[in-house]
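Thanks for coming. I have one structure to go through this morning, and I will keep it short.

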There are 2 protein chains.
Amino acid sequence: MKTVTVIGSGMMGSALVFPARENNNKVRLVGTHLDEDIITQCKKTNRHPKFKRDFPSGVEFYYISDVAAALEGADLVICGVSNFGVEWFRDVILPILPDGLPVLAVTKGLIATDEGELITYVHHWQSRVRELSKHNPICAIGGPCTSYELVAHDQTRVTFCGEDIELLRKIKGIMATDYYHISLSTDIVGTESAVALKNGYALGVALTVGLNQKQFGLDSELHYNSQAAVFGQAVFEMQRLLEAQGAGSLDNLALGIGDLYVTVYGGRTRLVGILLGRGLSLEQALSELSGVTLESLVVSKRVARAMRIRAQKGLVDLTDYPLLMHIDAIVSSGAPADIPWDSFVKEY
Amino acid sequence: MKTVTVIGSGMMGSALVFPARENNNKVRLVGTHLDEDIITQCKKTNRHPKFKRDFPSGVEFYYISDVAAALEGADLVICGVSNFGVEWFRDVILPILPDGLPVLAVTKGLIATDEGELITYVHHWQSRVRELSKHNPICAIGGPCTSYELVAHDQTRVTFCGEDIELLRKIKGIMATDYYHISLSTDIVGTESAVALKNGYALGVALTVGLNQKQFGLDSELHYNSQAAVFGQAVFEMQRLLEAQGAGSLDNLALGIGDLYVTVYGGRTRLVGILLGRGLSLEQALSELSGVTLESLVVSKRVARAMRIRAQKGLVDLTDYPLLMHIDAIVSSGAPADIPWDSFVKEY
C-alpha cells in the first residue's frame, strides 16, 4: 500500500482517486484555494458534487491549508489542476513538496514562447524544480480519459510519460486497475503535445454540427460526413504539428487521435463549437456557457500563435494547417465559422 | 454537360446521382438484376425507396436489360455495386463497356490472395480490361461519405484515385459541387486500402458500446473512453496495415481515419458490433439484422487472413494487430467479444 496525494479536486483530479484508492492505496484529496466548497461537501457526503457516485471508502479530504499534512509520507503526488492552475502549482506547490517525491500531472496543455516554441508543462515545472535545487521527477498522464467515465469504470487506456522508465513502472503499479490501462513512454514532448493539440480540432468537428443546424434547422438530423471530413483534416494537421514538435511517432498520433475522439463528445468544447457553428459570436457562445473554463480555446490560440511565428521564420508552412488557422481566426479575431473546405482538397 | 451512367442503384450509387445531376450533367441510373424493384419505384416516384428526398429532376432510370442504351454516348460510368457485385461487374459489365470509357468505382474493399496479398478492386478490374484488350481507365472514390448524408447535402470530402491525373481532373470537373469536395490521388493502393481497412475497426469501436450495455445495463449512458481507446488502437493498426501495403502516407491515413469516424456511426456495422458486444453470437446478431449485407465482416476476414499468411512468411508481426485479430476471432471463429486491453498497452 502506497500513499497518493491528489492536489486539485476538480473533476479529473478527483476521478483519479478512484483507481488510486481501488488499487488499495491510501489516498488524500486536497482542494486548491478555489475548491473549498468541494472539499467541504466531500467531507460531508464522500461524494464529489459533480459525480454520480460516492468515492470508495477510506479517502481522506484536505483543505489547501492542510496541504503539508496531506503531503507527509506521500509516495506520489498527482497534480490535478487545470491549465489555469499551472503557475499556481509551480509557484506554490513545487516549493513545498518533500524533495524527491514524484509528481504525476494530468493537466493537459502547452506554453508558447515568443520564439514559437511550444513547451510542455512537465518541462515548465522541471525547470522550477531545478531552480529550487530539488529532485522531484515530473511525470504526466496523456490519452483519452474523461473524468466521469473513469468514475463510471468505463475501460480506459492512457499513457504515463516521464524520463525514468523504472519510476514510470512503479507509478503504473500504484495506479493500474482492471479498467485503467496504462502504457508508458519516455517521449514526454510527444505524449504531452499529442493530447494538448486535440482541443482546437475537437472544436472544429463540433463547428460542423452547428453549421448544419444553422443550414438545416436546429432539429435536423446529426450528420457525420462533414464531421468526418474535419476529423480527417485534423489527423493530417495534428501529425504535422507533432512532426514540428519533433514527436511524429505513430504511438503519439494514435494517442492524440484517441483523445480527439473522446473530446469531440466531451461536453464543453463540443457545446461551444456547436454554438459558434450556429452563428453565435464568441462572446455570445461563452455567455451561454457562463462559468465554464474553456481550455480548448487557450491551447488552440497558443498553438496557432506559435505556428505563425515559426512560419515567419520559414520553419513551417501555414498551408498545412488551414483548419487550425480557421479555428484561431474564430477564437482570436471573432471571425464567423466557415469551414475552409477548398483548402482541405488537394492533389497527392 | 456530360453524360454519366451509374450502374448499381443501391444507396451509394444512387446518392452519387445527386452531385452528378446537380452539376448539370445528363445522368442515367441503371439497376442491376437485383435492383428491378428499385428502378420500378424510381421511374414511378423519382425517389429511391431508401431516401427521404426526390432525385433532382431529369434523371433517367434504366433496368439492367437496357444497360446498352444507358451506356450509349456516356462520358463516365460510375460503378455503384457492393462488395458482392465485384465479380458481376467484372464479368458482365466490363465486356460491354464502350472501349475507352472511364470507370469511377465507389465499391470499397480488397481481395486477399493465397499469398497474403491484398488487391484493390481497381487492379482486379484493370486486369480484366487488359484481358479484353480494351482501354477503360479504372478510377475509384475513397473517403468518408455515407449515402444518405450526401443526399442531404452534408458537406463531404472524398478522394478520387486513378493512374492518370489529367483524367482525374476531368472527372472531378464532372462531379464536384459546393457540398462534394474532391481531392485527387494517383496512389490507388493507398486510397483503396485506407478506406477498405476501416470496416473491421469500426466494428471494434462498436463492440465497446455493447460490452458496456452488457456490464452496466441496456439503458446505461453511452461511454466514450473505451470507444476512444479502441479508436486510438485502430489508428495504430491501420497505419501499420497501410505501411504493409506500401502506402503509409499521412494523406492515406487521414482519409482512412475520417472514413473510420463516419463508419463508427454508420448504421449496420455499428449495430452488429453492439449486438456482438452485448454477448450475442454472430449468428444471433446477423439474424437480428436479417437481410443486411455486412461488408465489414467480409473485408476484415480477408485482411486478417492476409496478415496471418504474411506473418507466417515473417513479413509482418501479428502483435502489431491485436484488435484486428480479436475482431477476426469473433467473425471467423465465433469467439466472444472481449477486447484485449492488455495487448494495447506497451512501453515506447
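Predicted model: local features only at pLDDT ≥ 70, side-chain atom pairs only at ≥ 80, totals over all residues.

Start with the core. The largest nonpolar core has 113 residues. Within that core, the residues that touch the most other members are A:I257, A:V303, B:I257 and B:V303. What does A:V303 touch, leaving out residues up to four places away in sequence? The list is A:L110, A:L118, A:L197, A:G200, A:L241 and A:L324.

Next, the two chains. On chain B, 49 residues are in contact with 49 residues of chain A. Which elements of chain B give two or more residues to that side? They are α6, β9, β10, α8, α9, α10 and α15 of chain B. The largest share comes from α9(B), with eleven residues. By type, the side of chain B that touches chain A has 26 nonpolar residues, 16 polar and seven charged.

Last, a helix pair inside chain A. The crossing of α8(A) past α11(A) is right-handed. On the α8(A) side, the contact residues include A:N199, A:A202, A:L203 and A:A206. On the α11(A) side, they include A:T269, A:R270, A:V272 and A:G273. The residues of this contact divide into ten nonpolar, seven polar and three charged.

That is what I have on this one.

Key
Residues numbered from 1 in each chain as written. Chains lettered and ligands numbered in written order. Core = buried A, V, L, I, M, F, W, Y, C linked by C-beta atoms within 7 Å. Buried ≥ 20, exposed ≤ 12 C-beta atoms within 10 Å, placed from the backbone. Contact = placed C-beta atoms within 7 Å. Helix = DSSP H or I, 4+ residues; strand = E, 2+ residues; numbered from the N terminus. Nonpolar A, V, L, I, M, F, W, Y, C, P; charged D, E, K, R; others polar. Left-handed = near helix turned anticlockwise from the far one by under 90°.
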